[in-house]
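Hi there,

I am passing this structure on to you, as promised. Please have a look at it first, and then read my notes below.

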Amino acid sequence: MLGALVGGTLILGLLTFALPPSAERTAKWYGVAVALAGLILILFMNPWSPPPDESTRWLSYPFSSDYHLGIGGISYAIVEMLALCTTCALLATKVPRQRNFVGLMLMLEGSMLGLFLTRDLLVFALLWDAMLIPVFLLMIGWSVHPATAWRFLIYNVSGGLLLLLATAAYGVIYGTTDVIGKGILPPLSDAWAPWILAGFAVAFLVKTPVWPLHTWMPDTYAELPAPVAAVVGAVQSKAGLYGFIVIGLPLFGAQMHQFAPALLTLGYVGLLYGAFVALTEGEARKVVAYSSLSHLGLILAAIFVFNEYALRGAVVYIVAHGLFTAALFILLGFVEAREETSALSRIGGLARRNPKLAGAMAIAALATLGLPGLAGFVGELFILVGIYQAGYGWLAAVALIAIILAAAYMLRVYQGFMHGPEQADLPQRPDLRPLELLALAPLFAALVLIGVFPGIARYPDQAYAMIGTTPLVMLEKSR
Amino acid sequence: MPVQALVPPFGSFDYSALLPLGIVAVTPLIGLLADLIMPAGEPRRGIVIGISVAGLLGAIYVLVRQYVSHQFGPAFGYGFILGGFSIAFNLIVCAAAIFSLLMVPTQRDDDKEGPICALMMWSTLGAMLMAGAADLMMIFLGLEILSLALYCLCGMIARASDVRKREAREAALKYLILSSMATGFMLYGMALLFGATGSIDLVALQAVPLSNPLFDMGVGLFLIGVAFKIGLVPFHVWMPDVFEGAPLPATAFMSVVTKAGMLAVFARFLFGILSPSHDDALVWPIWAVAGISMIVGNLGALHQTDMKRLLAYSGIAQLGYILAALAGTSTLGMRYAIFYLGVYMFMNIGAFSVTALVARDSEEDAHMSAFSGLGTRHPVLAAAMAFFLLSLAGLPPTAGFIGKILILSSTVITGYLWLAGLLILGTAISIYVYVKIIRAMYVPVDLAHIREIRPLSHLPWIGVAVCSLATFVFEFYPVALHDVLPRIR
């Protein structure tokens with residue numbers, strides 16, 4: 001079933017190119033149907049009794065490696081969010097050469113589904129690089145500045161190559177790369193483990209991105225077509241954090257502790273730096289980009305305090321951040337389609353003529369700043385409690401500053417766009433159409449649902465045991 | 001070495017071991033005969049190329065039979081050793097020759113296909129001989145057969161502008177002079193090796209102690225010749241010029257066959273003769289230049305706009321990757337070097353096949369501008385090209401990706417991690433080189449400004465199809481041949 005999900009999405013994505021190029025509407029609805037079918041398939045999988053793993057041998061020498069797909073609690077959460085975001089992004093798609101666009105989006109989704117479902121490091125490394133290619137093609141085909149596209153590709157592929165080297169080294173030393181989701185594994189020798197983890201970590205930090213490796217990110221998010229930005233910003237950025245959780249924690253427990261001070265620092269620098277830049281940035285898309293830097297820094301810190309609450313919070317916040325980031329990018333796409341800009345200085349007073357747009361924007365902004373009742377709050381609360389409980393009381397306090405700043409910059413965007421004096425030279429455009437609302441509704445519904453019933457974001461404890469939280473807590477105590 | 005070993009009569013095994021080489025040697029004669037008898041034109045061209053391809057396919061069939069039946073051993077008094085090693089290299093060389101032959105009709109030289117096919121096949125014969133050669137004379141013989149045919153091939157452009165003709169002749173002359181000089185180095189090295197042992201047999205070299213100055217100098221000069229022919233960095237400057245000047249099929253052919261032949265000689269020398277202690281002392285310069293080649297080759301490719309030049313530089317770097325697998329002389333490394341060489345053959349020849357289809361005629365052969373807008377104009381061809389380029393860059397889902405993983409693993413096993421680091425760095429640089437062409441193909445352009453592609457022949461499509469299939473399949477089933485260690489006894 002998992003193989004059908006990943007392979008089916010990829011093959012159906014490829015088949016999009018069999019449609020005639022002029023079939024733009026057909027292609028869009030085809031894409032929505034494929035993504036929706038995937039979403040429904042995932043929703044019907046019960047995380048408490050997941051479908052069986054599927055595995056086929058790939059390499060036997062010099063180490064064994066399998067095409068191994070399996071769905072654990074944490075994969076389940078992210079894959080669900082991925083399918084939902086892709087469906088909504090495709091619903092909101094309206095671009096030239098739509099057939100090619102939809103085909104590439106589906107292949108992007110397929111490769112990311114594989115990335116979050118695979119249980120083999122080598123397949124993980126393969127898909128890590130593979131998921132960059134559709135994004136790059138989307139960038140060059142849909143008028144992203146070449147320099148931005150190159151920076152995105154070279155940064156991420158360089159990270160991917162280090163990941164590859166680390167994977168090869170891990171495979172040779174450990175004998176197999178089929179290691180994800182096997183629980184805590186016997187550690188590698190001290191001579192190798194820190195270097196291998198460093199290779200993984202650089203790739204993860206570039207992808208997330210974490211300060212100071214984030215410089216490819218603001219331009220990329222600002223220039224990508226809105227639906228792609230929604231998927232990349234919401235889901236692809238989680239690949240690194242996911243990697244730290246399912247690869248770093250169970251396989252490199254001791255080295256993760258060794259690296260923790262440095263990575264906590266980086267996460268916190270990103271948390272504050274992102275928040276302050278978001279406060280001054282003049283373009284709404286970049287505000288969202290820097291707010292991502294800030295929020296993802298918080299999640300990184302949550303992973304590296306080695307606390308069970310923080311980790312649970314991190315998983316919930318990964319989902320929540322994906323949902324509201326996707327919603328924000330889709331919304332900003334609507335604004336840009338209407339006003340041809342997302343510069344704060346150019347837009348104002350939209351709420352009077354576009355009340356639905358304003359309402360949707362308000363929900364997305366409030367979710368971002370962590371309003372209780374929406375999903376972001378649950379994640380942040382858990383993370384802060386976890387950080388405090390892990391004995392870093394002052395770090396929890398510092399994180400609060402960034403959360404307050406989040407309110408400031410998100411409300412600044414909302415206020416600037418929706419209220420204040422109407423810009424006289426701004427074209428008058430109609431409000432959100434029903435279809436556009438439909439593209440946002442599922443994201444908002446999920447945000448509210450998790451916010452009101454945080455229980456549904458609870459995944460089986462065995463999922464956390466799988467990545468070894470409990471033993472890690474013990475490790476923490478013995479340290 | 002006792003002289004008796006070289007005395008006839010030779011048994012049936014000797015001849016059956018050389019059967020594939022015999023086929024490749026004789027087929028061109030038939031082709032030339034057909035060329036002589038038939039009037040010039042489309043049918044003759046088809047028949048000549050058909051005969052040549054059939055001969056190579058026959059050779060491949062015999063090679064596969066030989067590998068399966070596993071009757072390996074020395075032939076002609078240890079002059080030629082039939083084994084998994086020579087068969088693997090011969091298969092790669094023959095396949096490359098077939099795909100290059102299929103590109104011949106895309107050139108304007110309608111009355112020259114007979115000689116071109118014959119020269120290309122005899123050149124192939126030289127590389128095949130090098131892959132099995134186990135004494136210094138055989139190595140030299142193979143090298144000369146390979147090179148002599150190539151000097152002619154480089155200059156063979158008949159129907160082209162004067163500028164283009166002059167370029168081709170310049171390439172041929174440059175290749176002749178520089179290559180002869182390298183051959184001189186190699187020959188001098190061989191002479192010194194002979195002086196050290198009194199024998200041309202490679203086995204005799206095994207016994208020489210490390211401190212023998214004749215031996216050390218001989219190996220050094222020999223390796224300079226190797227580095228030149230493979231195109232490693234301090235000796236690489238001839239390569240882009242020659243590749244650019246030569247006609248496209250010859251370039252495609254050279255990019256794989258010369259390198260494969262020389263690589264086989266080097267690998268046999270390394271694995272068969274040098275003991276591990278020799279290794280560190282004598283061969284480390286080769287690893288060093290391999291590492292430098294990965295960086296310099298990719299840096300050199302950054303600004304190229306001619307596909308042939310670009311692929312020449314990329315080939316310099318790719319051979320560096322292959323040598324990284326050989327470093328440390330492990331069995332797995334040898335297997336992965338051969339695997340990557342096979343993959344390199346498919347992806348490189350695939351890229352050349354697409355170039356042959358895109359370049360309209362030999363006038364403005366292979367400029368990168370020919371690729372702009374290919375994504376809209378000819379989506380299938382563009383997708384195939386993108387696939388080959390991703391493979392050259394080592395990105396998934398291509399065989400180049402798994403090839404790099406295997407090479408990286410082998411460097412980790414043998415402890416040559418600095419080579420792995422340089423490989424990663426070189427690959428990171430190469431991303432721009434290859435993806436730049438993908439970008440040119442897919443950036444939306446005004447189609448009015450772009451010329452149609454009307455290749456003179458559709459034969460390279462076979463190469464495109466087979467190579468892309470192979471590049472895809474090897475990703476998921478990386479079959480590296482067993483039993484590929486070179487033997488000298």
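In this predicted model, 24 residues of chain B are in contact with 25 residues of chain A, where contact means that the C-beta atoms of two residues, placed from the backbone, lie within 7 Å. On the chain B side, α17 (399–414) and α18 (417–442) each supply at least two of the residues that touch chain A. The helix that gives the most to that side is α18(B), with nine residues. Helices here are DSSP runs of H or I with at least four residues, strands are runs of E with at least two, and both are numbered from the N terminus. By class, the side of chain B that touches chain A has 20 nonpolar, three polar and one charged residues. For these classes, Ala, Val, Leu, Ile, Met, Phe, Trp, Tyr, Cys and Pro count as nonpolar, Asp, Glu, Lys and Arg as charged, and the others, Gly among them, as polar.

A word on conventions: residues are numbered from 1 along each chain as its sequence is written, while chains are lettered from A and ligands numbered from 1 in the order in which they are written. As this is a predicted model, local features need pLDDT of at least 70 and side-chain atom pairs count only at pLDDT 80 or more, whereas totals for chains, interfaces and linings use all residues.

How confident is the predictor? For the complex, the predictor gives an ipTM of 0.90 and a pTM of 0.92. The average pLDDT (the predictor's confidence in each residue, from 0 to 100) is 87 for chain A, with 95% of the residues scoring at least 70. Chain B also averages 87, and 94% of its residues score at least 70. One stretch to watch is 470–479 of chain A, where pLDDT stays under 50 and the model has 10 contacts beyond four places in sequence. Where pLDDT is low, the predicted coordinates should not be read in detail.

Now the chains themselves. Chain A has 20 helices and two strands. Its radius of gyration is 21 Å, close to the 23 Å that the globule rule gives for 479 residues, so chain A is as compact as a globular protein of that length. The radius is taken over C-alpha atoms, and the rule is 2.2 Å times the number of residues to the power 0.38. Along the principal axes, the C-alpha atoms of chain A fill a box of roughly 65 × 55 × 40 Å. Chain B has 19 helices and two strands. With a radius of gyration of 22 Å, close to the 23 Å from the globule rule for 489 residues, chain B is likewise as compact as a globular protein of its length. The C-alpha trace of chain B spans about 70 × 55 × 40 Å along its principal axes.

Helix α2 (residues 24–43) of chain A packs against α4(A) at an angle of about 15 degrees, with the axes 8 Å apart. Axes are lines fitted to C-alpha atoms, for helices over the stretch in contact, and angles run from 0 to 180 degrees between N-to-C directions. That angle makes α2(A) roughly parallel to α4(A); the cut-offs are under 35 degrees for roughly parallel, over 145 for roughly antiparallel, 65 to 115 for roughly perpendicular, and oblique for the rest. Among the residues in this contact are Tyr30(A) and Val34(A) of α2(A) and Val102(A) and Leu106(A) of α4(A).

Helix α1 (residues 2–15) of chain A and α4(A) pack at about 160 degrees, with their axes 7 Å apart. That makes α1(A) roughly antiparallel to α4(A). Leu106(A) is one of the α4(A) residues that meet α1(A). By class, this contact has 10 nonpolar, six polar and one charged residues.

Finally, some backbone details. The peptide bond from Trp211(A) to Pro212(A) is cis, with omega near 5 degrees, and Pro212(A) sits in the loop between α8 (193–207) and α9 (217–223) of chain A. Another cis peptide bond joins Pro396(B) and Pro397(B), with omega about 0 degrees. Phe306(A), although not a glycine, has a positive phi of about 55 degrees.

Best wishes
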